[in-house]
Amino acid sequence: MAIQFLDSRTSEFSNTSTGVGTLPVTPSILLGDIGLQVAAVLATPNAADVRVELAGTIGVAGVAANTVTITIERGGTGVSGSGVVIYTSVVDLYTGRNLISFNAADFHPPVPLTGEIRYSMYAFNSGTPEPVITITGPVVFNGVAQAGTTTS
């Protein structure tokens, strides 16, 4: 079937770079949460050809000994570990401000009968617990869903 645009969403945790807290040492902080509307493909051949593009940016400050782990889950409840992990990235920091950007994709995710696929972004301090990692911002999470296999 022809390529079909389904939805685009943005979640903005912080649009500043002045500091909004610290990263925990467990994946408990929800930094981005979007629900992509895909009901238009329910009960159509395109339901099997959904593709989701995800992107995000997290601004943090730490030292060279720090490591940040970013995970994205599909279908969770907003609590880390409640969904299916579709992306994980471990980033070594350098001393000072760090702007971490990433892209991820989810090919052929199951289309729930609710017509919405939820994606949640988490980050945590996965290195040494001291010194702490400050969330400086900005923090944003975006997603686009489309379906289909050809343009004709």
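Q: Is I70 buried or exposed?
A: I70 counts as buried, at 0% relative accessibility; buried means under 20% relative accessible area, exposed over 50%, and partly exposed in between, with a 1.4 Å probe and protein chains only. The model is a predicted one, in which local features need pLDDT of at least 70, side-chain atom pairs count only at pLDDT 80 or more, and totals for chains, interfaces and linings use all residues. Residues are numbered from 1 along each chain as its sequence is written, and side-chain values use heavy atoms, with hydrogens and water left out.

Q: Which strand holds I70?
A: I70 is in strand β5, residues 67-74. Strands (E, at least two residues) and helices (H or I, at least four) are DSSP runs, numbered from the N terminus.

Q: And what does I70 touch, leaving out residues up to four places away in sequence?
A: Its contacts, meaning heavy atoms within 4.5 Å, are I58, Y87, T88, S89, I100, F102, M121, Y122 and A123. The C-alpha atoms of I70 and M121 are 7.2 Å apart, although 51 residues separate the two in sequence.

Q: How many helices and strands does the chain have?
A: The chain has zero helices and nine strands.

Q: What share of the contacts between residues at least 6 apart joins residues at least 24 apart?
A: That share is 82% for the chain. As for burial, 44% of the 152 residues count as buried.

Q: Changing topic: which peptide bond near -5° involves P131?
A: The bond joining E130 and P131 is cis, with omega about -5°. P131 sits in the loop between β8 (116-125) and β9 (134-147). A further cis bond runs from G137 to P138, with omega near -5°, and P138 lies in strand β9. Most residues other than glycine have a negative phi, and most peptide bonds are trans.

Q: Where is A43, and what is its phi?
A: A43 lies in the loop between β3 (30-37) and β4 (50-62). Its phi is near 60°, a positive value in a residue other than glycine. A43 is exposed, with a relative accessible area of 84%.

Q: What about the phi of H108?
A: H108 is not a glycine, yet its phi is positive, about 55°. The residue belongs to the loop between β7 (96-107) and β8. H108 counts as partly exposed, at 48% relative accessibility.
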